Structure formats: C-alpha cells, structure tokens
Amino acid sequence: RVAKADAEVQKLISRKRTKDADDRKVSSEIFDKATLQVLYKLANQGHLDVLNGAISTGKEANVLKGIKEDGSIVAVKIYRIATSDFKKMQYYIAGDPRFNVRSSNKRQLINNWVNKEFRNLTRLKDAGVNVPEAITSLNNVLIIEFIGDEDGNPAPTVKNLPPQDPAHFYEQLVEQMDRFINKANLIHGDLSSYNILNFDEKPVIIDVSQSVVRDHIIANELLARDIKNISFEFSKMGVDTSIEDLTNRLIKD
Ligand code: ADP
Ligand code: MN
C-alpha cells in the first residue's frame, strides 16, 4: 500500500516535473512515506492531480504548485517532520484555548500546527482579511488558494517586489491588520515583508500557522514585534509612519 502510494504520487509528481534543481530537491527530501500517502489520499479526493514545481523551500515547509484535474492551480504547503521546531509548536499550541492538547507526539504536534493554520485562515477570511482561502488540510499537508496570475506565476512577496506606491499599499495593509487584530481577534506573530504578497499592488497576508488568539500569553509580545517590523519596513520605503503611530491606529482601547 505504501509502495503503491509512493509510486503513484511519484508519477503524479514527475509527470510534469521540470529539470529544475529545486524540484528534484523537493521530491527527494520532503516526501517521506507518510507524506506520500497523504498526498495520494488528497489526489484521490480530487484536491489535486499533479504537483508541478516548487514555489518555495522554507525552513520548515515546502510550498508547491498543485494542478487540479480541471486545470486550476492550488498552493500545497507541506511541513517536513524532520526540520520542524517542536518546542515552538508546543509552546504556541499549549497557550491556545482552541487546542486542549498536551501531546508531545511529533506527528500529532505537526498535525495540530497545520490544523491551526487552516483554522486561522478560515477565521481571517470570515473577518474579511485578504488571505488565501483554506481548501483542505490532512496531517502535515495544507492546500490553499493559489495567489498568482493566470499563467501560474505566484505573486511575489513584498520583500521581492516592493510596492510601486508604498503609502497607498501601507494604507491597505493597515486596514488588513486592523481586521486581523480587531475582527478576527488574532495576532499574526511573524508579520513582515516576507509574509505579505504583493498581488497586483494589493496586500495578501500569508503564513499564519503561528498566529495566536489575542488573549494568548504571548500575544502582546508578538503584536509588538509585528508592529515594529511593519513600521520599520515601510518607513524605509518612505512611508510616514512610526511604531507609535501604527500602534495607535491598531489598538483603540
Ligand atoms: P514558510 O513557513 O516557509 O515561510 P509561507 O506560508 O510563508 O511558508 O510560504 C512560503 C512562500 O511560498 C511564500 O513566501 C510565498 O512566496 C509562497 N506562497 C505561500 N503561500 C502561497 C499562495 N497561497 N500562493 C502563492 N504563493 C504562496
Ligand atoms: Mn513565510
């Protein structure tokens, strides 16, 4: 069964695989047997037909492009068991009332972490925040809406493509952050130009696995860091802002 899943998914993966070095790295490093089975299951459920190249190879997760049978594109985020920061995961999950788990099982912890990202995305979307739509998640694999153009080019991060009109972009971002914090009642926790996509000059916030509810014991510490990062980065782009100014705009009570 495992061997079959392996072969099937490798076939799915390799059918359209390019000779790109990043691609080969992805298929040999991250697809342990259990992950292959998860991908196989997701393929069987119709969530994906072909894995078509790496979008990003991060510290803990790989983001790949998935093509569905109808030709539409999804983003597939796969957490690697081997390189995950379990101490951090445990610490963030332990203080979140939505997860009353005290598990130290590593796979269980990753599954909860992925589930947290899925639930955070749903909650943010419901609050009107511009995030990718959460489609499904299974164990260490998360499938979300692909943010990019019709030709399959992913939207660049703000880090890679700073906005043409930083002041206007910043105003839109503050509106998104306001909804994030005051409507969804979540704190991002890793907000910077690396985790904001520049999608046709509109901000799309990504990477919300570590985002915590506002009454989490580390929420204020994370919020202070997010505000510092954003005010610093946009000041550097020439926007008239400061930590104090951004704080006042986001925290009203
Ligand atoms: P990591 O934990 O590795 O930082 P991210 O969720 O930030 O994971 O994703 C890594 C990169 O993958 C992002 O910087 C972005 O370039 C790309 N990416 C993530 N999600 C999407 C998406 N939904 N659509 C297009 N590109 C994405
Ligand atoms: Mn990221």
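**Strands, shell and domains**

Tutor: Start with one facing pair: K65 stands opposite A75 in β3. Keep in mind that this is a predicted model.

Student: Over how many bridges do β2 and β3 pair?

Tutor: The two strands run in the antiparallel sense. They form a hairpin with five residues between them. The number of bridges is seven.

Student: Which residue in the turn between β2 and β3 has a positive phi?

Tutor: Five residues separate the two strands of this hairpin. One in the turn has a phi of about 90 degrees. That residue is G71.

Student: What stands opposite N62 in β2?

Tutor: Turn to the pairing of β1 with β2. These strands run antiparallel, joined by five bridges. They form a hairpin with three residues between them. Opposite N62 stands T57.

Student: Is β2 enclosed or open, and why?

Tutor: Take the side chains by direction. A61, V63, K65 and I67 point one way, while N62, L64 and G66 point the other way. All of them are buried. Seven of the seven residues of β2 are buried, so the strand is largely enclosed by the rest of the structure.

Student: Which domains does the shell around ligand 1 draw on?

Tutor: The chain is divided into two named parts, domain 1 (2-145) and domain 2 (166-250). The closest shell residues include G58 and D207. At least three residues come from each of domain 1 (2-145) and domain 2 (166-250).

Student: Which helix gives the largest share of the side of domain 1 that touches domain 2?

Tutor: Recall the division into domain 1 (2-145) and domain 2 (166-250). Their contact takes 17 residues from domain 1 and 20 residues from domain 2. On the domain 1 side, seven residues come from one helix, the largest share. That helix is α5 (residues 106-126).

Student: And how many residues on that side of domain 1 are nonpolar?

Tutor: Four residues there are polar and four are charged. The nonpolar count is nine.

How values were computed:
Residues are numbered from 1 along each chain as its sequence is written. Chains are lettered from A and ligands numbered from 1 in the order in which they are written. This is a predicted model: local features need pLDDT of at least 70, side-chain atom pairs count only at pLDDT 80 or more; totals for chains, interfaces and linings use all residues. A residue is near a molecule or strand if its C-beta atom, placed from the backbone, lies within 6 Å of it. Domain bounds come from an automatic or database domain assignment. Two residues are in contact if their C-beta atoms, placed from the backbone, lie within 7 Å. Helices (H or I, at least four residues) and strands (E, at least two) are DSSP runs, numbered from the N terminus. Ala, Val, Leu, Ile, Met, Phe, Trp, Tyr, Cys and Pro count as nonpolar, Asp, Glu, Lys and Arg as charged, and the others, Gly among them, as polar. A residue is buried if 20 or more other C-beta atoms lie within 10 Å of its own, exposed if 12 or fewer, and partly exposed in between; C-beta atoms are placed from the backbone. Two strands pair if DSSP finds at least two bridges between them.
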